[in-house]
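The following paragraphs lead the reader through selected features of one structure, shown below.

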Amino acid sequence: MVFRNQTKLKFKLYCKDQNGNSMNLTGVTSAKIKYIKPGGASGNWTATIETGAISYIISLDPIVIDTIGIWRVWGHLTYNDGSTAPGTITEFEVAEEGMA
């Protein structure tokens, strides 16, 4: 569970191929974690490329986890040849602290 206005939170998405194997991220020039908030607003965070994963750390400025409900997130990779690889959507719930 994630709480509204929570900070110091790390999102980490593991990059897998269609067979479930860890992807080689060599050649990735841009990694983003895209999201859709419960009300439909969307955006993205510039992610850090790790071994077989991408991640983003939520901080105080700006507060982005501001909407209660089900959020949808997915990774989006851009390679040095211009090709892209969007990931599978996953969901998480945001609740009011003390209410979940």
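**Salt bridges and an open sheet**

The structure holds 5 salt bridges. The model is a predicted one. Side chains of opposite charge can pair when their charged atoms come close.

Arg4 and Glu96 form a salt bridge through their side chains, with an N to O distance of 2.9 Å. Because Arg4 belongs to the loop between β1 (2-3) and β2, while Glu96 belongs to the segment after β9 (90-95), this pair ties together parts that are 92 residues apart in sequence. Arg4 is partly exposed, at a relative accessible area of 31%, and Glu96 is also partly exposed, at 29%.

A further salt bridge links the side chains of Arg72 and Glu91, at 3.7 Å from N to O. Arg72 is found in strand β7 (residues 69-79) and Glu91 in strand β9, so this pair ties together parts that are 19 residues apart in sequence. Arg72 is partly exposed at 34% relative accessibility, whereas Glu91, at 52%, counts as exposed.

Salt bridges that share partners also join Lys10, Lys12 and Glu50 into one network. Within it, the closest N and O atoms of Lys12 and Glu50 are 3.0 Å apart. Since Lys12 lies in strand β2 and Glu50 in strand β5, the pair ties together parts that are 38 residues apart in sequence. Both residues are partly exposed: Lys12 has a relative accessible area of 35%, and Glu50 has one of 22%.

How are the strands that carry this pair arranged? An open sheet of 3 strands runs in the order β2-β6-β5, with antiparallel pairing. Strand β6 (residues 53-58) is joined to β2 by 6 bridges, and the two run antiparallel. Phe11, for example, has Tyr56 of β6 as its bridge partner.

Beyond its neighbours within four places in sequence, Ser55 is in contact with residues including Lys10, Phe11, Lys12, Thr48 and Glu50.

Methods: Residues are numbered from 1 along each chain as its sequence is written. This is a predicted model: local features need pLDDT of at least 70, side-chain atom pairs count only at pLDDT 80 or more; totals for chains, interfaces and linings use all residues. Side-chain values use heavy atoms; hydrogens and water are left out. Two strands pair if DSSP finds at least two bridges between them. Helices (H or I, at least four residues) and strands (E, at least two) are DSSP runs, numbered from the N terminus. Contact means heavy atoms within 4.5 Å. A salt bridge is a side-chain nitrogen of Lys or Arg within 4 Å of a carboxyl oxygen of Asp or Glu. Buried means under 20% relative accessible area, exposed over 50%, partly exposed in between (1.4 Å probe, protein chains only).
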